[in-house]
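This report looks at one helix and at a set of disulfides. The structure comes next.

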Amino acid sequence: MLDKRPGQELSSLSCARPHPFICTEPLLGRDAFRHLFLTRPVVPCRLFVLGIGFFSLCFLMTSLGGQLSARRPGDSPFTIRTEVLGGPESRGVLRKMSDLLELMVKRMDTLARLENGSEPHRAAGDGHLAGDRFPPGAGLMERIQAIAQNVSDIAVKVDQILHHSLLLHSKVSEGRRDQCEAPSDPKFPDCSGKVEWMRARWTSDPCYAFFGVDGTECSFLIYLSEVEWFCPPLPWRNQTATQTAPKPLPKVQAVFRSNLSHLLELMGSGKESLIFMKKRTKRLTAQWALAAQRLAQKLGSVWRDQKQILVHIGFLTEESGDVFSPRVLKGGPLGEMVQWADILATLYVLGHGLRITVSLKELQSNLGVPPGRGSCPLTTPLPFDLIYTDYHGLQQMKQHMGLSFKKYRCRIRVIDTFGTEPAYNHEEYATLHGYRTNWGYWNLNPKQFMTMFHRGSFCGRLCLPQFGGEAPTFTLLFQGKEKFLGILSKYMEIHGTVYYESQRPPEVPAFVKNHGLLPQPEFQQLLRKAKLFIGFGFPYEGPAPLEAVANGCVFLQARFSPPHSSLNHEFFRGKPTSRELFSQHPYAENFIGKPHVWTVDYNSSEEFEAAIKAIMKTQVEPYLPYEYSCEGMLERIHAYIQHQDFCAAPDPAPPGARAPQSPFILAPNATHLEWAQNASSAPGAWPPARSLRAWLATAGRACTDACLDRGLICEPSFFPFLNSQDAFQKLQVPCDSTESEMNHLYPAFAQPGRECFLQKEPLLFSCAGSSSKYHRLCPCRDFRKGQVALCQDCL
């Protein structure tokens with residue numbers, strides 16, 4: 001017996017009792033009907049009914065699918081383009097659908113009569129089968145007839161609605177033909193061009209129909225004036241409804257949190273990456289709670305606004321490939337996941353409202369993305385004060401937010417491990433001058449990039465010192481270079497943590513005791529026993545040296561000569577930076593230094609061995625820079641959230657107005673400029689402008705290095721104060737001419753022609769970059785010991 005189970009699709013059939021040629025499992029699709037024809041030849045008529053019904057439905061869906069949806073050559077293979085129904089073409093499709101359904105019903109009626117007429121004859125010869133076969137077949141046909149009739153009724157109703165809608169729009173167009181023409185308004189110069197575009201392409205994305213666009217001129221203008229902002233409001237529209245903005249929610253004070261259990265729920269599960277991050281966060285709960293208590297005491301009664309923050313970890317989404325999760329347990333790169341875990345904990349402990357997404361669907365839902373292909377703005381104002389994401393998430397938001405991306409990108413903070421320099425960030429400049437990469441040209445404020453070390457806004461991460469009473473032995477993270485390991489083995493027992501699956505890697509010398517990949521707690525125990533942690537040039541600026549120093553090791557690293565950059569190392573090619581690294585870990589060299597960090601020339605065996613001998617005689621205590629502690633990270637991110645505002649546009653100067661003189665005086669030793677004591681502080685400036693010191697760098701020296709030479713930090717947000725003729729005059733620079741251009745090295749002085757150059761594009765103010773032609777005018781500032789990201793008065 002063929003049984004159609006309740007809720008089972010027509011294409012899924014099963015056999016009720018054993019038979020040499022009958023299976024006992026469901027059959028799907030084409031195989032189900034092949035099975036029927038092979039095993040039940042005695043009922044050709046009913047099979048014909050089923051067959052014609054099935055293939056008629058297939059033909060119906062194919063016919064409609066070809067007209068209601070289409071694919072374009074440039075579409076993603078996972079994207080279906082849905083055209084908006086309306087107009088004569090769609091009504092024609094509905095008529096065809098109705099006619100086809102009617103024909104199908106007539107055929108089934110004829111076949112039913114034919115089958116009913118032949119059933120008594122078949123019953124006489126096979127009476128034991130007739131009684132149990134007829135009802136299922138008849139019931140199935142009745143169901144198909146009912147579905148066909150319902151779809152036909154729906155088609156008629158939709159046709160009526162469309163007809164009524166077209167009549168209504170026709171009347172509106174006749175009554176307001178003169179009111180629905182693209183206005184000529186100098187405040188909206190792009191209006192007419194956008195209307196032309198809408199005429200030609202309004203069906204290219206279903207999101208336009210979602211907002212009410214239906215192909216009429218009035219709908220184009222309503223959309224372009226009320227959803228987008230390219231046309232002026234129409235005078236006959238209800239202006240109250242279109243101009244009423246939602247009232248801002250009352251400000252709420254952020255309160256420190258010490259219980260992280262809710263954060264662990266917000267982070268979700270199901271990915272190895274998330275499991276790793278949650279374990280780290282849970283392990284550090286006590287440290288976060290203590291740090292929150294200390295910072296609360298330090299800040300006292302300072303009001304802290306609670307922000308609503310969306311955190312979208314783009315590299316964990318399926319659309320980006322999520323290449324990290326499968327490699328978590330195989331020694332893959334964990335730096336990004338460690339950094340994200342610490343950022344999430346920081347934002348939560350500071351008391352802000354968090355929403356965490358690791359999928360594109362969640363991102364679209366939280367942003368209010370309209371249905372379609374991402375051409376239209378968001379359906380509602382963005383409900384988040386800040387968005388923390390990465391480059392993958394940045395690309396996904398740009399693709400799906402339409403014009404809203406440009407409107408709200410000032411709220412975005414990009415977790416950018418290596419850093420993005422302004423020359424690569426400015427799209428037009430990067431294109432014209434060869435700085436385009438796969439990671440740049442976002443036109444963001446350089447401080448919106450939050451980095452692992454001191455570029456952009458230093459975000460950082462935690463290091464985990466765990467001091468113990470183990471007997472000292474010696475260890476290192478193996479990186480290669482057998483020659484230097486041979487020298488080292490004369491003085492120390494050598495341990496390594498090189499990952500392997502089945503057998504010892506042949507590159508590891510026999511005298512190295514290799515532990516393989518270690519979990520974090522065991523790796524920390526190994527570091528606590530160590531005297532020396534050595535690096536052989538790569539990876540650049542990794543977190544392991546900081547953890548080694550925090551656990552009482554000395555870190556020995558290589559000095560690079562010539563410096564490593566995109567000119568001589570493949571690793572840097574394609575990255576949005578022209579930095580030159582003079583050592584493997586510049587932060588450790590410049591901000592920690594001896595006795596904890598030694599930087600030597602590895603090309604000299606004598607210098608290397610002399611350093612080993614000196615380190616053997618040196619006793620150091622564990623050292624952790626404050627900025628890499630829980631409290632230091634809380635303090636730094638708190639300052640950013642409360643003081644950084646990249647959405648506030650500067651007031652434009654009136655045409656012809658003279659630029660105000662810079663409030664600087666020449667320092668007593670005539671080497672640099674300082675903020676005059678009697679000058680008013682720049683309102684809204686952060687860091688506070690009084691911490692500024694301006695130096696003219698030597699030719700070929702970047703501002704980053706010029707400031708470091710004087711024990712200071714280059715502060716790009718201070719460049720606007722220096723971008724004037726007055727600053728050059730105060731420094732007694734002989735400018736025979738002054739020009740304003742787009743160049744990431746400006747403001748600067750060119751010695752041969754005694755020319756001074758000012759910056760024309762604020763997004764190109766950059767601490768990075770140098771040229772032997774220019775003496776750069778550099779804005780430097782002081783910093784707090786152990787918290788380089790903040791100046792002395794920044795809190």
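Buried means under 20% relative accessible area. By that cut-off Cys207 is buried, because its relative accessible area is 1%. The model is a predicted one.

**Disulfides**

A search of the whole structure finds 9 disulfides. Three of them are described here.

Cys207 is joined to Cys376 by a disulfide.

Cys180 and Cys218 form another disulfide. It is right-handed, with 85 degrees about the S-S bond. Here too, distant parts of the chain are linked, 38 residues apart. Cys180 is in the loop between helix H4 (127–175) and helix H5 (191–201), while Cys218 is in helix H7 (residues 217–227). Cys180 counts as buried at 5% relative accessibility. Cys218 is buried as well, at 7%.

Cys410 pairs with Cys647 in a disulfide. The torsion about the S-S bond is about 95 degrees, so the link is right-handed. Its ends lie in distant parts of the chain, 237 residues apart. Cys410 is in the loop between helix H15 (404–408) and strand E8 (412–415). Cys647 is in the loop between H23 and strand E17 (664–666). Cys410 counts as buried at 16% relative accessibility, whereas Cys647 is partly exposed at 37%.

| Disulfide | S to S distance |
|---|---|
| Cys180 and Cys218 | 1.7 Å |
| Cys207 and Cys376 | 2.0 Å |
| Cys410 and Cys647 | 2.0 Å |

Two further cysteines count as buried: Cys553 at 0% relative accessibility and Cys630 at 11%.

**Helix H11**

Helix H11 covers residues 285–299. At 1.5 Å a residue, its 15 residues should span 21 Å, and the end C-alpha atoms are 21 Å apart, which agrees.

Which residues of H11 are buried? They are Trp288, Ala291, Ala292, Leu295 and Leu299. Seen down the axis of H11, they fall within an arc of 105 degrees, so they line one face of the helix. What covers them includes helix H12 (335–349) and helix H23 (630–643). The face turned away from the buried side carries the exposed residues Ala286 and Gln297. Just after H11, Gly300 takes a positive phi of about 65 degrees.

Conventions: Residues numbered from 1 in each chain as written. Predicted model: local features only at pLDDT ≥ 70, side-chain atom pairs only at ≥ 80, totals over all residues. Heavy atoms only, no water. Helix = DSSP H or I, 4+ residues; strand = E, 2+ residues; numbered from the N terminus. Expected span 1.5 Å × (residues − 1). Buried < 20%, exposed > 50% of the residue type's maximum accessible area, 1.4 Å probe, protein only. Arc of directions from axis to C-beta. Contact = heavy atoms within 4.5 Å. Disulfide = S-S within 2.5 Å.
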